Amino acid sequence: KRVIFQFRRSYKRRDKTTATALAKFIAHLVNHQVAHELLALQVLTVLLEQPTDDSVEVAVSFTKEVGQILQELSPKGLHAIMERFRGILHDGDIDKRVQYTI
């Protein structure tokens, strides 16, 4: 619970390093099935609602960490997230470096 509040706070403050570290920690909790996979989908949804360079980078690293278990437990949710990534690439509103990370 505290980790989620810290993640929200760091995301609102645009603190990329803290948000990335907390996202990675949440991903490990999901991987060990301590946290539900819906939490991972919610984090990704929040990160990709209004995509910025930093939020997309955090989302990409989070997806790398938690992608396999999402594919097993919630393939439709992961497919929706990948479609969102595809839409962000299609829009081209973010930096080229971030586009290559996707």
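Helices here are DSSP runs of H or I with at least four residues, numbered from the N terminus. In this predicted model, two such helices, α1 (2-12) and α3 (37-49), each supply at least two residues of the lining of the largest pocket. The points below take up that pocket and then helix α1, which gives the most to the lining, with 5 residues.

**The largest pocket**

- The space in the largest pocket comes to about 180 Å³.
- Its lining is made up of Ile4, Phe7, Arg8, Tyr11, Lys12, Ile26, Leu39, Gln42, Val43 and Val46, and by residue class this lining divides into 7 nonpolar, 1 polar and 2 charged residues.

- Val3, Phe7, Ser10 and Tyr11 are the buried residues of α1, and they lie on the same side of the helix because they cover an arc of only 100° around its axis.
- An α-helix has 3.6 residues a turn, so residues three or four places apart point the same way.
- On the face of α1 turned away from its buried side, the exposed residues are Arg2 and Lys12; Lys12 also belongs to the lining of the largest pocket.

**Packing and the end of α1**

- After α1 comes Arg14, whose phi is positive, near 60°.

Methods. Residues are numbered from 1 along each chain as its sequence is written. This is a predicted model: local features need pLDDT of at least 70, side-chain atom pairs count only at pLDDT 80 or more; totals for chains, interfaces and linings use all residues. Side-chain values use heavy atoms; hydrogens and water are left out. On a 1 Å grid over the protein atoms alone, a cavity is a set of points where a 1.4 Å probe fits but cannot get out, and a pocket is an open set with protein on both sides within 12 Å along at least five of seven lines; lining residues have an atom within 4 Å of a point. Grid points are joined across faces, edges and corners, and a volume is the space filled by probe spheres set on the points. Ala, Val, Leu, Ile, Met, Phe, Trp, Tyr, Cys and Pro count as nonpolar, Asp, Glu, Lys and Arg as charged, and the others, Gly among them, as polar. Buried means under 20% relative accessible area, exposed over 50%, partly exposed in between (1.4 Å probe, protein chains only). The arc is that of the directions from the helix axis to the C-beta atoms.
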